[in-house]
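Student: I should like to learn how to read a structural model of this kind. Could we go through its features one at a time?

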Amino acid sequence: MAGTTHGARSTVPIATLTLRQLAHGNAVRVVALFAAVPVVFALIYLIGQPTIDRVTFANNLFTHGVAPTVLPLAILILATSALGNEVEDRTMVYLVLKPQTRMRIVLEKLLAVAVVATLLLWAGTTIGFVIVMRGEAGGELGMLIAMLVAEMFAVLAYGALFLLLSLLISRALLAGIIYTLLWETTFSRFIPGVRLLSVRHFVESIYVRLANDPAATMDHPNRLISAIVTLLVLTALAIVATSWRLRTMNLE
Amino acid sequence: MPAESAGQPYGEVYDLGYKHYDGERLGRAHAIRALIVWSMKRGLGIRKRWTSKIMPALLYVAAYSPALIVAGILAFLPTQVNFSYGSLAGFISMALLIFAAGLAPEMLSDDRRENVLALYFARAITPVNYLLAKIAAMIILMATIAFGPQLLLFIAKVLLADNPLSYFGNHLGDLGRIIAWGAIICVYYTAIGLAVAALVDRKGIASAVFIGGILLITAITNALFDATSGTLRDYIVLISPIELVQSITGWLLGGSGSTIGNLVGPAYLVGVVAAVIAAGLIMQRRYLAEE
């Protein structure tokens with residue numbers, strides 16, 4: 001079976017391998033459920049008697065539902081099953097035996113996570129957005145694109161962070177969930193200083209700056225360029241730290 | 001191999017010293033008790049590396065510290081504050097939710113993933129015994145968080161009263177409500193947690209499905225409540241885990257309760273019972289159906 005994937009030598013073999021692993025696991029199904037959350041909310045908005053207009057609803061859905069909760073949880077599940085499970089299943093040894101640098105392994109793992117997460121999240125967001133907007137979707141295309149771009153940067157930053165987390169502790173998924181709930185969702189709402197250390201804040205800043213829409217607002221958004229640079233620097237730091245951890249950790 | 005013609009036997013059975021066990025056989029009850037204790041140890045991270053002990057320790061601190069602080073405040077400023085059990089319940093139910101997310105997969109998922117269930121059943125333990133032991137272990141651990149802080153506050157209030165004995169007599173109802181509340185919440189989260197753990201083999205994914213599922217369902221049912229009208233929507237709270245817990249808290253211990261909970265108290269138990277029945281059916285399917 002699948003002679004094409006096996007026959008043609010992939011330029012990113014570890015990423016291809018990881019994609020195959022993910023496709024056979026339960027994680028993707030769970031993540032697909034998470035990614036479908038905007039669709040469910042959009043449908044509820046559709047059947048209800050709306051008290052707020054469509055643009056506001058779509059905006060609230062992204063800033064209160066997708067950015068603080070759906071994004072991190074979906075990426076967390078993918079990231080831990082891409083890298084942490086290799087350690088848990090004791091298959092990491094075979095991966096590091098190959099003549100590849102550790103950095104390459106981490107980068108390809110991130111690539112696989114990013115591809116799957118981005119596709120699923122984009123699909124969920126787009127379908128949800130179209131359901132909410134219906135006929136007006138075309139006019140508000142800029143808002144949708146802003147959401148999708150912000151999601152892409154979120155996937156990179158969270159993906160790299162959670163890859164690191166999955167190598168640092170054994171119960172990475174649970175720890176990541178608690179981090180998401182407490183730090184990204186609760187604390188950053190009540191303690192203003194936390195936002196400067198919160199991925200969510202920069203993701204929403206990108207969205208707000210790109211959408212450039214009166215409905216898309218938040219407290220103290222960062223400038224577009226500084227938000228993007230911050231997230232990219234965070235991603236790079238996490239990749240370096242993950243590679244370092246992979247070099248030094250005991251794989252038994 | 002020596003030739004047979006030598007007249008010697010070419011094979012011999014050596015007694016290598018295997019002995020029958022002729023100590024006391026402790027029986028099924030002991031096996032179940034041992035499994036309960038062992039499961040509790042695993043849940044708390046005992047005999048595992050220190051990283052597994054962080055989470056339980058943090059949760060115990062998070063659940064008990066508000067009660068200790070309040071007891072301290074009551075001791076020094078008795079008339080200034082009126083801190084109710086309902087306000088403590090918020091902290092405790094949050095801690096219980098996270099505790100259950102870590103515990104439930106620890107109870108069931110590993111044994112299935114590592115294919116060791118057959119080893120358990122080779123002992124004096126049947127599948128039903130196994131499940132009962134796991135349920136008991138989880139409920140006991142959950143109870144230490146559900147009851148402990150509340151009882152601590154109750155004891156503090158009794159001891160700090162002007163006349164402890166008569167205060168105790170007058171507030172026996174409080175004690176009953178604390179115990180009823182703790183028991184209901186423990187059973188509820190244990191049922192949902194074990195149902196998820198019975199379906200998902202990987203501990204991490206099971207935790208994520210449990211917490212993520214509870215939060216998502218709560219958010220979705222909240223949105224559904226806002227989007228609909230009529231009397232039927234008052235029943236949405238029954239399938240909305242966090243709102244259901246808040247409603248039960250409001251009903252039994254006072255406090256703000258839940259914004260979507262408009263039912264009379266005992267009706268909330270329908271939601272809890274439904275969760276228990278669903279969990280029972282799932283476990284029956286996963287563990288007992290093949291026999």
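Predicted model: local features only at pLDDT ≥ 70, side-chain atom pairs only at ≥ 80, totals over all residues.

Student: What is the mean pLDDT of chain A, and what is that of chain B?

Tutor: pLDDT is the predictor's confidence in each residue, from 0 to 100. Chain A has a mean of 85, with 93% of its residues at 70 or more. In residues 1-5 of chain A the value is below 50, and this stretch has 2 contacts (heavy atoms within 4.5 Å) beyond near neighbours in sequence. For chain B the mean is 87, and 95% of residues reach 70 or more. For the complex, the predictor gives an ipTM of 0.71 and a pTM of 0.81.

Student: Which residues touch the most other members of the largest nonpolar core?

Tutor: In soluble globular proteins, nonpolar side chains tend to be buried together. A nonpolar core is here a set of buried Ala, Val, Leu, Ile, Met, Phe, Trp, Tyr and Cys residues joined through side-chain atoms within 4.5 Å. Buried means under 20% relative accessible area, exposed over 50%, and partly exposed in between, with a 1.4 Å probe and protein chains only. The largest core has 169 residues, and A:Y207, B:Y189 and B:F210 touch the most other members. Helix α5 of chain A (residues 54-88) supplies its largest share, 18 residues; helices (H or I, at least four residues) and strands (E, at least two) are DSSP runs numbered from the N terminus. Apart from neighbours within four places in sequence, B:F210 contacts B:L97, B:A100, B:A101, B:Y189, B:I192, B:G193 and B:V196.

Student: Is B:D174 buried or exposed?

Tutor: B:D174 counts as buried because its relative accessibility is 17%. The residue lies in helix α7 of chain B (residues 172-199), and it touches B:Y85 and B:F154, residues up to four places away in sequence not being counted.

Student: How far apart are the end C-alpha atoms of helix α7 of chain A?

Tutor: The expected span of a helix is 1.5 Å times one less than its number of residues. With 32 residues (102-133), helix α7 of chain A should span 46 Å, and its end C-alpha atoms are 45 Å apart, which agrees. A:R134 follows this helix and has a positive phi, near 45°.

Student: Which residues line the largest cavity?

Tutor: Rolling a probe the size of a water molecule over the atoms shows where empty space is left. On a 1 Å grid over the protein atoms alone, a cavity is a set of points where a 1.4 Å probe fits but cannot get out; lining residues have an atom within 4 Å of a point. Grid points are joined across faces, edges and corners, and a volume is the space filled by probe spheres set on the points. The structure holds 1 cavity of 30 Å³ or more, and the largest cavity has about 60 Å³ of space. Its lining consists of A:P38, A:A58, A:L61, A:F62, A:V66, A:T125, A:G128, A:F129 and A:M147. Helix α5 of chain A gives the most to this lining, with 4 residues.

Technical notes:
Residues numbered from 1 in each chain as written. Chains lettered and ligands numbered in written order. Heavy atoms only, no water. 1 Å grid on protein atoms, 1.4 Å probe; cavity = no way out; pocket = protein on both sides within 12 Å on 5 of 7 lines; lining within 4 Å.
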